Amino acid sequence: MAPIRFGIIGAGNRDVGSSRGDSFIALVNGAFADEARVAAVYDINSENARRAAARAGDGARAFTDFEAFLDSGIEAVVVASPVRFHVEQSAAALRNGIHVLSEVPAAHSMDAARQLARAARASDAVYMFGENIRYLDEVELVKRMEADGLFGETYYAEGEYLHDCKDLWFDSKGRPTWRGKQLGRADGFGVYCTHSLGPALYLLDDRVTQVAALANEQAVVAPGREGHFNFTMLMKTAGGAVVKVRVDTVSNRPHNTSYFSLQGVKGCYEGARGLGDEAKVWLMDDHEESHVFEGAQWHRLWDYAERYIPDRLEVGEEARRGGHGTCEYWMMKDFIAAVHGEQEPAIDVYRGLDYTVPGICAMESLAQGGAVIPVPDFREVPR
Ligand SMILES: NC(=O)c1ccc[n+]([C@@H]2O[C@H](COP(=O)([O-])OP(=O)(O)OC[C@H]3O[C@@H](n4cnc5c(N)ncnc54)[C@H](O)[C@@H]3O)[C@@H](O)[C@H]2O)c1
C-alpha cells in the first residue's frame, strides 16, 4: 500500500512549549515511515513552514497559501495550529475529502462545535479528535480492566490537569503564545479540559449532560493578569455518573497533568499523586474485603499490566518520538487504521465534542456564578 501523504497544519514555534507540528513530523516519518510520510507543511509563518518541511525531508513542501496546500495531493492532515483555527481548517480539509486528525480542543466555541459536527457528517473523509492523554498506558490498562468487569458498574471518575504554564505564556521574543493569550480567559476557548475529561469519559464510556464550574481569580498567583485559574468542573453524565475535573494552569507546584480515578460497585482505581506514590486499585473479587474494621488495602495497578496490556509493554523506543510516552503512537495507529477503513475513528467528532464542549459550557457556568449548564449532544444537531 502506498504511504498516506500527510500535511501538517501549524509547524510550531520551536522556542517555547512542545511544538506539536514537529512532534507529529518525527512520529509520522519515524515510527510510521512504512505507512505514511509528511509531504507538506502549512503555516502562516513562512520560516516555521520551511523549517518543518526541511525537517520532514523527502521533498516535503512548505506552504503559506492554504488552498494550494489543500490542493497539493495530501490525503490526511494533522491540525496543530492555534485553537481558534481548528474548526475552520478541519472543515476545509473535510470538504476537500482530506482526513483530519485534530489537536485539542476540538472547537473554541459552541458555533464552531456545531460547524465541526456538520462538516464531519457531510464528508466521507475521516475526522478523528487527537486527545492523546486518553492513550496513556495507564488509562488503557484501567479501561481494559473495566471492560473485563473488574470494577463492576462504574459511577464516578476524576481527572486532573495540574500544569504551571506561566513559563509558556510568552515566546523568547516576548510575544504571547496561544497559552498566554487564551488559557483561563473568558474570551479564550473554554477550560482546557480534554486531557482530564477525555480519559475520564473513556473509562466511563459516557458523555456529560450537565456541568457546573467555579475557579479562583488568576490574580492570586499571577497579579495583573486577566482570567481565572484552578477550575473545578462538576459534571453529570447521561448514564448518571458524576465526574470531577480540576484544571489548573498557573499554580506554583509540581506538575501532575494526568491524574485519574474511577469508582465502580466492585472496586476503584486512583492514579499516583507523587512522592513515591504509585497507581493503585482495590478490587472486590481479587483483594481483601472492604469493611471499616478489616481495612481494605490498596494494590499495585501495574501488577495487572502483563495480563491486560501486553501489546503496550512490547513497543520500542521509536514509539516514544511523538511525545507523552507512547500516547501519540497509539493515537496515530488508530487514525491510520481509520483512514484505511479498517475501523471507525477511535475518537470521532462526537466524542471529540463530548470531551471539548463541557469546557466551553464551564466558562458559561463560571460567568453565572457556578450555575448548572446543560451540555448539548451534537449527535442531535440538525443537518
Ligand atoms: N495534545 C497535546 O498534548 C498538546 C500539547 C501542546 C499543544 N497542543 C495543541 O497543539 C496546537 C499547537 O500548539 P503548539 O504548542 O505547537 O503551538 P505553537 O504556538 O508553538 O505553534 C503554533 C504554530 O501554528 C502557526 N500558526 C498560527 N496561526 C496559524 C494559522 N492560522 N494556520 C496555520 N498555522 C498557524 C504558528 O506560526 C506556529 O508555527 C494548539 O492547538 C494546542 O492546543 C496540544
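Colleague: Asp-58: buried or exposed?
Modeller: Asp-58 is exposed, with a relative accessible area of 62%. Buried means under 20% relative accessible area, exposed means over 50%, and partly exposed is in between (1.4 Å probe, protein chains only).

Colleague: What kind of model is this, and how are residues numbered?
Modeller: This is a predicted model, where local features need pLDDT of at least 70, side-chain atom pairs count only at pLDDT 80 or more, and totals for chains, interfaces and linings use all residues. Residues are numbered from 1 along each chain as its sequence is written, and side-chain values use heavy atoms, with hydrogens and water left out.

Colleague: Back to Asp-58. Where is it in the chain?
Modeller: Asp-58 sits in the loop between helix 2 (46–56) and strand 3 (61–63). Helices (H or I, at least four residues) and strands (E, at least two) are DSSP runs, numbered from the N terminus.

Colleague: Where is Asp-205, and is it buried or exposed?
Modeller: Asp-205 lies in the loop between helix 8 (194–204) and strand 8 (208–217). Asp-205 is exposed, at 55% relative accessible area.

Colleague: New topic, the ligand. How many residues surround it, and which are the closest?
Modeller: 27 residues surround the ligand, and the closest are Arg-20, Asp-43, Asn-48, His-86 and Val-104. A residue is near a molecule or strand if one of its heavy atoms lies within 4 Å of it.

Colleague: Which backbone atoms are by the ligand's oxygen atoms?
Modeller: A polar backbone atom of Arg-20 is 2.8 Å from an oxygen atom of the ligand. For Asn-13, a polar backbone atom is 2.9 Å from a ligand oxygen atom. A polar contact is a pair of N or O atoms within 3.5 Å; within protein, one must be able to donate a hydrogen and the other to accept it, and residues adjacent in sequence count only if both atoms are side-chain atoms.

Colleague: Which side chain lies by a nitrogen atom of the ligand?
Modeller: Glu-103, with a polar side-chain atom 3.0 Å from that nitrogen.

Colleague: How much of the ligand does the protein bury?
Modeller: Taken alone, the ligand exposes 850 Å², and the protein buries 94% of that. Accessible areas come from the Shrake-Rupley method with a 1.4 Å probe; for residues, only the protein chains shown count as cover.

Colleague: Which residues does Arg-20 touch?
Modeller: Among them are Ala-80, Glu-103 and His-324, not counting residues up to four places away in sequence. Contact means heavy atoms within 4.5 Å.

Colleague: Which domains does the chain have, and what separates their centres?
Modeller: The assignment gives domain 1 (4–132) and domain 2 (134–313 + 356–367). Domain bounds come from an automatic or database domain assignment. Their centres, taken over C-alpha atoms, are 27 Å apart. The contact takes 16 residues from domain 1 and 24 residues from domain 2.

Colleague: What do the domains give to the ligand shell?
Modeller: At least three residues come from each of domain 1 and domain 2.

Colleague: Last one. Where is the cis peptide bond?
Modeller: It joins Val-104 and Pro-105, with omega about -20 degrees. Pro-105 lies in the loop between strand 5 (99–102) and helix 5 (110–122).
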